[in-house]
Amino acid sequence: MSSKVRVRFAPSPTGPLHIGGVRTALYNYLFAKKNGGDFILRIEDTDQNRLVQGAEQYFIETLKWVGIEPNEGVGFGDGNFAPYRQSDRKDSYRQYAEQLLNADFAYYAFDTESDLEQLKATHPNFKYDANTREQGKNSLTLSKDEVAQRLANNEHYVIRIKLPSDEDVKFHDEIRGHVTVNTSQMDDKVLLKSDGMPTYHLANVCDDYIMQISHVIRGEEWLPSAPLHVLLYRYFGWEKSMPKFAHLPLLLKPDGNGKLSKRDGDRLGFPIFPLEFIDPKTNEVSSGYKQSGYLPEAVLNMLAFLGWNPGTEQEIFSKEELIEAFSLEHIHKAGAKFDFEKAKWFNSEYIKKLSNEELAGLVIETVTTKFGKQDDTYLANAVGLVKERLVFLNDIELFGYLFQATDNYAETPLSKINNIKESFNVNNFSDFLQQQTNSDLISIETSLKEFATNNNIKVGDMMKFLRVSLVGELSGPTIPELIHLFGSEETINRVRNCFSQL
RNA sequence: GGCCCGUUCGUCUAGGGGUUAGGACAGGAGAUUUUCAUUCUUCAAACACGGGUUCGAUUCCCGUACGGGCUACCA
């Protein structure tokens, strides 16, 4: 078996992927790229009852959006191990279950749902295991003939693993070190369900083995079942090629307790999903980072730092830098509360790093639909003036004055500039402005001050009046910048309009 | 309840037997900006607790507390 690094991201299509899942995918991706390995997307759709339409496509689009594309897998082309959807591999699992059956590591169980309920009712803390399976209806308690008969009658059955009653299972976790669990704490998990589908445990182990997965990097919620998986590798005789395990700390709710869940997003007012998702059944809309105006690079960077750090003080990392710096050793052990403020900071940092043209390209759609078609150069210049004011791309909507003049000025700003009424002459100002058309920012500012002094207006009042005229508010970019952007004609129009309302 | 994993500023974290316990976000103060935003400076803020081991423990060990996960024919 080759020692090539091969990792997989294996989500279950039961709904959209929340950012915790994206982070798991990211760590897998980074680990693969860092080690020159393969990153695989496998769809674990073994629970036919919980399938959600569109979930699989959602995974694919998410991975594309954040830029961590698998080199094999559903939606990304077949490698040597297709198919990559477990429902398409259904037939293969039965033979593995039977292999275990023949080796006496598994058995048929015919217990119905009500049988099990009864056992649970009569035995507190009941679990199906070495001590209790003699009370069940299974191929260990039933006669050979009866088992054959039930099988021939197409009775419903599951195949369960047969665990020893008292045996320490030890394994090494790349993040947590050595972990030991005794089989007395475990139960005879179902391997093959009565609908013929494998459970996660069987499918996962078989596929990881077949697909030559070298490292299983997954959430901590899987840690308790890792011993079961180790036993499966052992019983299959695959222990020497068993992948290494790395169980990631969980993403926790920003407030209160528990792991981050789908509901938290709407409850706390920020997205929990990378992309907007509309539930096909309920039509419930879950907001997405993309639609909220996040840059995928910022989301990636922010996610990478939730549970991992480079060991240096650098925090802004491109994808390439993340690959270079990533290692399993620097993954934290404790769960991380999701920090929305930090996410915002990352995003604004990434927006500031954009060139005016890049930023313009990212907001052109919003601007056009909201404020009408813009000239490309103008848009880039306009956007450059407010770049450091944007936390989200969508915040550009807050600066409509860059694209449209205000018709009616609000009371409050107007009241602050009333004192200019007597000394200011619109026509004089218009004449003055004509001469400034080709001036640079500094000379516009100097001339403006001169104009104010010559007309017996305080410089501060003058500037305040112009600001309100141009943007309709008391804060904004510097006056020379605005005049430079708007040009003298638009500037004078806005000034006239505002002055007339004083 | 049982089992497993964890615990450094409010949050994300660095560090690790002897440190002024470092950084970032958020918060406070100030400077620059005629405004606001940016930027810069600066302040406040943490080793859960109790026992060991040790000359010395936040760092190692054991308990306790607290947090999280798992305990399905869900993943």
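Trainee: By class, which residues make up the surface near RNA strand B?

Mentor: A residue is near a strand if its C-beta atom, placed from the backbone, lies within 6 Å of it. Ala, Val, Leu, Ile, Met, Phe, Trp, Tyr, Cys and Pro count as nonpolar, Asp, Glu, Lys and Arg as charged, and the others, Gly among them, as polar. Here the surface comprises 21 polar, 20 charged and 19 nonpolar residues. This is a predicted model, in which local features need pLDDT of at least 70 and side-chain atom pairs pLDDT 80 or more, while totals for chains, interfaces and linings use all residues. Residues are numbered from 1 along each chain as its sequence is written, with chains lettered from A and ligands numbered from 1 in the order in which they are written.

Trainee: Which residues are the closest to RNA strand B?

Mentor: Of the 60 residues that surround RNA strand B, the closest are Ser12, Asn257, Ala334, Met463 and Ser475.

Trainee: Which element gives the most to this surface?

Mentor: Helices (H or I, at least four residues) and strands (E, at least two) are DSSP runs, numbered from the N terminus. Helix α17 gives the most, with 4 residues; β7 (177–182), β14 (336–337) and α11 (340–353) are among the elements that each supply at least two.

Trainee: How many helices and strands has chain A?

Mentor: Chain A contains 18 helices and 14 strands. Its C-alpha atoms fill a box of roughly 110 × 45 × 40 Å along the principal axes.
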